[in-house]
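Work through the exercises below with the model open beside you, and try each task before reading its solution.

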Amino acid sequence: MAFEEISKLLKADGMLVFEGECLRFYCEDETGTKVENEHIRELANSNIPLTLFYANTFKADDTNWFIPNFACLKGWLAAAGFEIERHSFYEVPESNPPLQRVGGVARRVAGLKVEHRVQ
């Protein structure tokens, strides 16, 4: 919903700069233990939108509760009326904690009517 709230504040064709954790190669189970699985990269690069959820337990960085793959991030942005114009991944597997980030620029699609939910 944060992207929806930001979308409300931008003019048509407004730009959003984004950066954050993105599933690329590293995940943990519900106990905070690193998961060793050769298929994590496949999930990360998949067109299946998914996100990992850690309620204050992600040991690599406890400020991240949701860790989407890129397909999920694109879906979240599209649902809020954005289209990604460019992006790049920043990965440092050997760092502690491991870094798996994405950053980029998305443009609010002019004329796209987005149904904002009322809370």
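**Exercise 1. Work out the strand order of the open sheet of three strands, and its pairing.**

Solution. In this predicted model, the order of the open sheet is β1-β5-β4, and the pairing is antiparallel; strands are DSSP runs of E with at least two residues, helices are runs of H or I with at least four, both numbered from the N terminus, and two strands pair if DSSP finds at least two bridges between them. The edges are taken by β1 (15-21) and β4 (82-92), each of which has a single partner strand, so one side of each lacks a neighbour in the sheet. From one strand to the next, the twist averages 15 degrees. Between β4 and β5 (residues 99-108), which run antiparallel, there are ten bridges, and Val92 stands opposite Leu99 in β5.

Next come the helices: α1 (residues 2-9) packs on the sheet and touches β1, β4 and β5, with its direction at about 130 degrees to that of β4. Helix α3 (residues 70-79) also packs on the sheet, touching β1, β4 and β5, and its direction makes about 150 degrees with that of β4. Here contact means heavy atoms within 4.5 Å, and angles run from 0 to 180 degrees between N-to-C directions, with axes fitted to C-alpha atoms, for helices over the stretch in contact.

The model is predicted, with local features needing pLDDT of at least 70 and side-chain atom pairs pLDDT 80 or more, while totals for chains, interfaces and linings use all residues. Residues are numbered from 1 along each chain as its sequence is written, and side-chain values use heavy atoms, leaving out hydrogens and water.

**Exercise 2. How many aromatic pairs does a search of the whole structure find?**

Solution. The search finds three; rings of Phe, Tyr and Trp (its six-membered ring) pair if their centres lie within 6.5 Å, and planes under 30 degrees apart count as stacked, over 60 as edge-to-face and the rest as tilted. One of them joins Phe53 and Trp65 edge-to-face, at 6.1 Å centre to centre with 75 degrees between the planes.

Another is formed by Phe70 and Phe89, also edge-to-face, at 5.5 Å centre to centre and 80 degrees between the planes. This pair links distant parts of the chain, with Phe70 in helix α3 and Phe89 in strand β4, 19 residues apart.

**Exercise 3. Is Phe70 buried or exposed?**

Solution. Phe70 counts as buried because its relative accessibility is 11%, buried meaning under 20% relative accessible area, exposed over 50% and partly exposed in between (1.4 Å probe, protein chains only). Phe89, at 31%, is partly exposed.
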